[in-house]
Amino acid sequence: MDIVCCPLDKSELELEAIRRDDDEVLEGRLVCTECSEEYPIEDGIPNLLPPDMREA
Amino acid sequence: MSDLADQRGMETAVYQPAEDSKLLADVAVESVDGSDRVLDVGTGSGYVAGRIASATAASVVASDVNPHACRQARDNAREETIPLDVVRGDCTRPFDAETFDAVTFNPPYLPRDEAAERDDWMERALTGGETGREVIESFLDDVARVLTSDGVVFLLVSTLTDIEAVAGYAADRSLAAETAREESFPFERLAVLRITEEH
């Protein structure tokens with residue numbers, strides 16, 4: 001999915017895959033190339049909420 | 001027993017499609033082109049996103065702030081073998097600029113009722129703060145950024161939300177809103193606003 005960006009500064013994200021299934025990343029993280037904030041991918045769903053909204 | 005309890009747990013966590021979702025999906029399906037890229041914000045169970053993806057060849061992305069909704073939308077799409085990417089995020093904020101030909105949103109729009117306050121995911125799926133417009137306004141603050149130059153927003157609103165106030169807020173952000181379709185129900189009238197950038 002090359003249409004997502006860092007929700008904080010809109011910079012590009014770098015994908016680090018931990019577990020893949022066919023053409024999909026199931027576990028991994030997206031790391032902002034600008035601010036280095038890390039966004040987890042769990043069960044194929046990237047969590048791109050800014051850190052202060054990640055509770056729950 | 002535990003299955004039923006799980007089921008009940010699901011129902012309090014994720015908004016299930018209702019008349020408003022159907023109205024929004026009907027309008028979007030008619031307007032979306034097979035070559036479009038579409039974002040469904042606040043996807044909930046994934047109903048609107050799924051309808052668009054299965055009725056058109058458009059490439060559809062669904063997002064929700066609620067992790068239970070994200071999982072349910074993904075599971076439902078997989079079950080029906082509908083291609084759908086799901087992202088957990090706040091409205092359009094984690095998406096690149098000038099990306100979507102259409103953005104759909106059935107937002108939380110009821111004004112807060114303190115007597116009925118529950119402080120759970122369902123409350124967040126239903127209520128948009130004191131005015132009912134807080135989430136809609138937050139959405140309108142950023143949506144133009146992710147639209148292509150002739151991109152379109154389909155926003156579900158209710159008379160309970162004050163449709164004129166929503167259109168006024170959009171106009172202040174150089175967005176033109178017109179009613180694409182409306183339907184009356186016992187306690188409210190629902191409308192799908194078609195919102196475009198003023199050029």
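A salt bridge here is a side-chain nitrogen of Lys or Arg within 4 Å of a carboxyl oxygen of Asp or Glu. Keep that in mind as we start at the interface of this predicted model.

**Stop 1: where the chains meet**

Show chain A and chain B together. By the salt-bridge rule, two such bridges cross their interface. For one of them, select B:Arg78 and A:Glu24: the closest N and O atoms of this salt bridge are 2.7 Å apart.

Now widen the selection to the whole contact, which involves 21 residues from chain A and 22 residues from chain B. About 1,800 Å² of area is buried between the two chains, and carbon and sulfur atoms give 56% of it. Which residues of chain A lose the most area to chain B? Pick A:Ile3, A:Ile45 and A:Leu49; together they make up 33% of what the chain A side buries.

**Stop 2: an annotated stretch of chain B**

Next, colour residues 38-112 of chain B. An unreviewed UniProt entry lists this range as "domain: Methyltransferase".

Zoom in on B:Ser45, in the loop that runs between strand S1 (37-41) and helix H3 (47-55) of chain B. Is B:Ser45 buried or exposed? With a relative accessible area of 7%, B:Ser45 is buried. Leaving aside residues up to four places away in sequence, display what B:Ser45 touches: B:Val14, B:Tyr15, B:Gln16 and B:Pro17, along with B:Gln72, B:Ala73 and B:Asn76.

**Stop 3: aromatic pairs**

How many aromatic pairs does a search of the whole structure find? There are two over all chains. Begin with B:Phe95 and B:Phe100, an edge-to-face pair with 5.5 Å centre to centre and 80° between the planes. Both B:Phe95 and B:Phe100 are buried.

Then select B:Phe105 and B:Phe139. Their pair is tilted, at 4.7 Å centre to centre and with 50° between the planes. B:Phe105 belongs to strand S4 (residues 100-105) of chain B and B:Phe139 to helix H6 (residues 134-146) of chain B, so this pair ties together parts that lie 34 residues apart in sequence. B:Phe105 is buried, as is B:Phe139.

**Stop 4: a charge over a ring**

Finish at B:Tyr169 and B:Arg173. Look at the ring of B:Tyr169: the charged end of B:Arg173 sits over that ring, 3.7 Å from its centre.

Terms used: Residues numbered from 1 in each chain as written. Chains lettered and ligands numbered in written order. Predicted model: local features only at pLDDT ≥ 70, side-chain atom pairs only at ≥ 80, totals over all residues. Heavy atoms only, no water. Phe/Tyr/Trp six-rings, centres within 6.5 Å; stacked < 30°, edge-to-face > 60°. Buried < 20%, exposed > 50% of the residue type's maximum accessible area, 1.4 Å probe, protein only. Helix = DSSP H or I, 4+ residues; strand = E, 2+ residues; numbered from the N terminus. Lys NZ or Arg CZ within 6 Å of the ring centre and 35° of its normal. UniProt positions renumbered as here; feature names shortened; annotations may be inferred. Contact = heavy atoms within 4.5 Å. Buried area = accessible area lost by both parts, 1.4 Å probe.
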